[in-house]
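Please have the sequence and the 3D view at hand while reading.

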Amino acid sequence: MEKGLCATMVCPCGLLTRREEPGLSPVPLKSISVTLSICEFVAGVSATLNYENEENVPLEAFFVFPMDEDSAVYSFEALVDGKKIVAELQDKMKAHANYEEAISQGHQAFLLEEDKDSRDIFSCNVGNLPPGSKAALTLKYVQELALEADGALRYVLPAILNPRYQLSKRPEDSCQKMKIPAVLLENLPYTLSMVAAISSQHGIDRVRSNCPLSPLEYLGDKTSAQISLADGHKFDRDVELLIYYSEVHAPRVAVEMGEPTAKPDCLMGHPSAMVSFYPDIPEAQPPMTCREFVFLMDCSGSMQCPMNNQDKSQQRIEAAKETLILLLKSLPIGCYFNIYRFGSTFEAFFQNSVQYTQHTMEEALERVTLMQADLGGTEILAPLKSIYNGSSIPGYPLQLFVFTDGEVDNTFSVIKEVKSNALKHRCFSFGIGEGASTSLIKGVARAAAGTAEFITGKERMQPKVLRALKRSLQPTVEDISVHWELPPGLSAEMLSPEQTVIFRGQRLIIYAQLTGMMPPAEATGEVCLKYTLQSKNFENKVTFSLQPKFDANLTIHRLAAKSFLQTKDMGYGETPANHKKDVLKVSLECGVISSHTAFIAVNKDLEKPVQGPLVQRDIPRPVLFYGSPKLCSPAVGLDSARVGKCRLKGKAMSPKAASPQKRKPCSFALRTSVGSPSTVSEDNNLLQLISLQKADGSWDLNEGLAKILGMSVEDILAAFPAKGVDPSGWATVLAVIWLHDNYKDLKCEWELLERKAVTWIHVHAGSIQHVLIEAATALLRSSVDPAVFSP
């Protein structure tokens, strides 16, 4: 398929009507209203979608919307012409049969289900919507909020649903495969409103967003506040809130009352506890054991798209290439590494992982600079299998870094593959751009004891990726266990999976069911997290009240059920038979949807059944055009299989097929030498300096470095205090001081490569180190503390 500048096709939540008769108007979605309630680090969401059938014929409509994969959807109801219809959660096959029977009899029916191929896409059938009828569909869910590195709690309301790359051999029974025409954003007829109520006993400091908000309104003291989305939101991005509390890292335990009418052996029938730990893991020296690093980079056509919809936004592939350069410069001496790029096919830079040396680093960097988003679709399963089938290196545990915009349709198959190889590696995943699949990105990280990060809007990719690299280098925390001290007659049964990894600075959430005789109101319990780090034992204890709190939504119970389901439910076609029974039991008892269940509601109280054949038609999905409409056409730049079924201007596009390749080295024509400032953006001095660093952490004194320092080589040599000595030590000290002077606010990005530089200085310039530092500080007129060179 011909490639060019990118037009991203995105599908926001909306009602899609399957077209049988051409030329008829679609059912308009009038508005989406969201009520958000955030208490501490848990969000409760109620989203209502208002539709109206303005046609003179009955309709069957198909509603598709994105959802964060951590969301526990527990309620769905429809308000049709003033009548409320509450859905029931049933086995998916039974729900489908009941829906078809109701439709055939002229009843109104509503079916809500998780997509069979991904946990972050939901679909709803709205059957027999009479002419002139209004329908308000409301779904409710709860979810944990992610903790960011700066202490913010992150809530995302997904508005973007990217078309998923579709494998040609997969069956056509997914809502992802609907043939839906595309329109520009400005032609969308519906609006979005959101009101958020926030509360925290620790106090609310501020709220930030990637979208315009109303001013933060405190309700009394600073423990509660309200904020709303400004009018006029366009469906060009997910809505993101970053909530900053005055204190966020305090461990706590919340105990929630069970449902009195639930069966005694049911999860909902007993109190549940939600424990949040913030383990105070000390910063330890990296272990002697090194690592094998494999970087798996998405080079599909969609990676040509900009990081956001702003003018002059950087392409995803260019941001990824800069990040790869930084990663390669930050790797420790003695490790092994390899880079795979993938799309419809895949290629490895090296036949097998190679030792990290100056030569192999330069070879990899040369290939990174030539890397393009030119590999068609997004088929990640084949390169993963190739990586796992490769020979492991004894004493070098594998650390896999996956970079993708996350648009695949075989998500559960990918997660299953990662999980089956979990004992041999850790996986760190990164979702790039708006609408990356949370099911894929979070699922592979969870399956292999890593972490997941999302880079959207104007966020820089580098700090999140370098944080993951630091975590991959941390000493392994071992012997993790949770112990409960409870009154006699009361016990705790863990609902969360066994914890196998904890990273420094990470929050740990655990769910448990309390069974037995609940003690008097004043009684307390204690929960203790124990672990071992470099042969030292550590404990984190929390004392808590055993008096359970009432919550009508049973939030903690629903979240506990979701935590259980995420470990057992591997999709409709991938869940093992022995786990499917448990998934069905917990899903149905707790009212939390799974891939094996669906919500079904039938309105049999119509005065007369709906008459006449149902009309089915499509509501178009919007298209984001980046840059010049002439250059950015929806006919170019898309993943081949994604556009293969899109008809634009009446012409169908046929993707070119390509057979997967096995592990073999790439062959690139070399354009320029690595280490030259011409390999990176001329206005990015930081990246230029990083590109000049050698694998061992040192810098050479050359024209490239002199240009960044704003001096000539002659002037730098004239100030060199140790004549007759290799000037590399002098150059390295100057480079480190320059970093602190000019990019201190980005230290998280260059901290690891600085550590290599300081280590190299101690080894190669130890006797004259203080002389070099004093002279460099004077030459650069710097006030940097010499302590930065301490080992």
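## The largest cavity

On a 1 Å grid over the protein atoms alone, a cavity is a set of points where a 1.4 Å probe fits but cannot get out, and its lining residues have an atom within 4 Å of a point. The volume is the space filled by probe spheres set on the points, which are joined across faces, edges and corners. This is a predicted model, in which local features need pLDDT of at least 70 and side-chain atom pairs count only at pLDDT 80 or more, while totals for chains, interfaces and linings use all residues. Residues are numbered from 1 along each chain as its sequence is written, and side-chain values use heavy atoms, with hydrogens and water left out.

The structure holds eight cavities of 30 Å³ or more, and the largest has a volume of about 240 Å³. Its lining is made by 21 residues, with V156, D238, G435, A436 and T438 nearest the centre. The elements giving two or more residues to this lining are β13 (153-157) and α6 (438-447), where helices (H or I, at least four residues) and strands (E, at least two) are DSSP runs numbered from the N terminus.

## Two packed helices

Helix α7 (residues 461-473) packs against helix α15 (residues 747-764) at an angle of about 40°, with the axes 8 Å apart; axes are lines fitted to C-alpha atoms over the stretch in contact, and angles run from 0 to 180 degrees between N-to-C directions. The two helices are therefore oblique to each other, a word for angles that are not under 35 degrees (roughly parallel), over 145 (roughly antiparallel) or 65 to 115 (roughly perpendicular).

Q462, P463, L466, L469, K470 and L473 in α7 meet C748, E749, E751 and L752 in α15, contact meaning heavy atoms within 4.5 Å.

Key:
On a 1 Å grid over the protein atoms alone, a cavity is a set of points where a 1.4 Å probe fits but cannot get out, and a pocket is an open set with protein on both sides within 12 Å along at least five of seven lines; lining residues have an atom within 4 Å of a point.
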